[in-house]
Amino acid sequence: MTQLDRAVRTYLDHLSVERGLSRNTLTSYRRDLDRYVDFLTAAGITDLAAVTAGEVTRHLVALRADLAAASAARAVSAVRGLHRFAAREGLAGQDVSREVKPPAPAKRLPKALDVDQVARLLATVTGDDPLALRDRALLEFLYGTGARISEAVGLAVDDLDQALVTLHGKGGRTRLVPLGSYARAALDAYLVRGRPALSSKGKGSPAVFLNARGGVLSRQSAWTILHRCAQAAGLPVEGAHAVSPHTLRHSYATHLLDGGADVRVVQELLGHASVTTTQVYTLVTVDRLREVYATAHPRAR
């Protein structure tokens, strides 16, 4: 067994005993470090103290070529952890990986529902009891304003003003967002015929969306409502494209851009600090344009 193998084994023991990492995490680290040992051994290096920043960088380049960004980032973290541990324990003179940064994970494009799917989702809530009125108002509000789920459950009655709503976003920033006729009608029905019955069971919370006991509706409960409605609409509720509260926010932004809205306006409506964040949605609409072109133009194929 080389000094390199012993250093890796000692580090994994440290992670298991002193850090208490799970078996699955340890298995992933072991696989990542075995790959690193094979790379160094192929370069004629069997002692961790002989590794330079150049070897770590070359290993990173190889990882980026062979692995997805997220897997490569985890592998680099394992390598950096090994070198940090070796320097601290005197197994190497210095941490040569200190300046090597993990690759940034690839930015995933948001998955938006199409307009028909949104209509199916919103149509799943029927009935005029207080909870049904609340659920319909919540779904219409999320899609009609592009609000984050935290902004929706944090909404107070005083934040509503006819055709406008004040949303309290990240970093204490507030913004005014127009309230469409469908969302306004659903909210009016809930506020007049549903919320008073729920509020009477609690302590007079100023929140718009209340739970069955009259308290503030939690984020998890709001997610559960959407999950149930998505399932009823035949939309995905598991996997990479599972419908979540953020799906309605993605759909709101995408449909605005598809309808011709300026990206700067959408930035303001979403409460993004930078337009760069909003521009991710323009990539979604470009994909949609390609799809329409490919299926509609006689010479697209």
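Predicted model: local features only at pLDDT ≥ 70, side-chain atom pairs only at ≥ 80, totals over all residues.
Helix 6 spans residues 130-145 and comprises 16 residues, and the distance from its first C-alpha to its last is 22 Å, which is close to the 22 Å expected at 1.5 Å a residue. Twelve of these 16 residues are buried, so helix 6 is largely enclosed by the rest of the structure. Just after helix 6, glycine 146 adopts a positive phi of about 70 degrees.

Aromatic rings provide a second view of how parts of the chain are brought together. A pair of aromatic rings is described by the distance of the centres and the angle of the planes. Three aromatic pairs are present in the structure. In one of them, the ring centres of tyrosine 11 and phenylalanine 85 are 5.4 Å apart and the planes meet at 40 degrees, so this pair is classed as tilted, given that planes under 30 degrees apart count as stacked and those over 60 as edge-to-face. Tyrosine 11 belongs to helix 1 (residues 3-17) and phenylalanine 85 to helix 4 (residues 69-88), so the pair ties together parts that are 74 residues apart in sequence. Tyrosine 11 has a relative accessibility of 4% and therefore counts as buried, and phenylalanine 85, at 5% relative accessibility, counts as buried too.

Another aromatic pair, formed by tyrosine 190 and phenylalanine 209, is stacked, with 5.9 Å from centre to centre and 10 degrees between the planes. This pair links distant parts of the chain, since tyrosine 190 lies in helix 8 (residues 181-193), whereas phenylalanine 209 lies 19 residues away in the loop between helix 9 (195-199) and helix 10 (219-232). Both tyrosine 190 and phenylalanine 209 are buried.

The strands form an open sheet of three members in the order 1-2-3, with antiparallel pairing. Strand 1 (160-161) and strand 3 (174-178) are the edge strands, each of which pairs on one side only. Strand 2 (residues 164-168) is joined to strand 3 by five bridges, and these two strands run antiparallel. Within this pairing, histidine 168 has threonine 174 of strand 3 as its bridge partner.

The loop between strand 1 and strand 2 contains glutamine 162. Most residues other than glycine have a negative phi. Glutamine 162, by contrast, has a positive phi, near 55 degrees, although it is not a glycine. Its relative accessible area is 66%, so glutamine 162 is exposed.

Finally, the second largest pocket has a volume of about 190 Å³. Eleven residues line this pocket, and His246, Arg249, His272, Thr277 and Tyr281 are the closest to its centre. Helix 11 (245-258) and helix 13 (275-296) are the elements that each contribute two or more residues to the lining. By residue type, the lining of the second largest pocket is made up of four nonpolar, four polar and three charged residues.

Methods: Residues numbered from 1 in each chain as written. Heavy atoms only, no water. 1 Å grid on protein atoms, 1.4 Å probe; cavity = no way out; pocket = protein on both sides within 12 Å on 5 of 7 lines; lining within 4 Å. Points joined across faces, edges and corners; volume = space filled by probe spheres on them. Helix = DSSP H or I, 4+ residues; strand = E, 2+ residues; numbered from the N terminus. Nonpolar A, V, L, I, M, F, W, Y, C, P; charged D, E, K, R; others polar. Phe/Tyr/Trp six-rings, centres within 6.5 Å; stacked < 30°, edge-to-face > 60°. Buried < 20%, exposed > 50% of the residue type's maximum accessible area, 1.4 Å probe, protein only. Expected span 1.5 Å × (residues − 1). Pairing = 2+ DSSP bridges.
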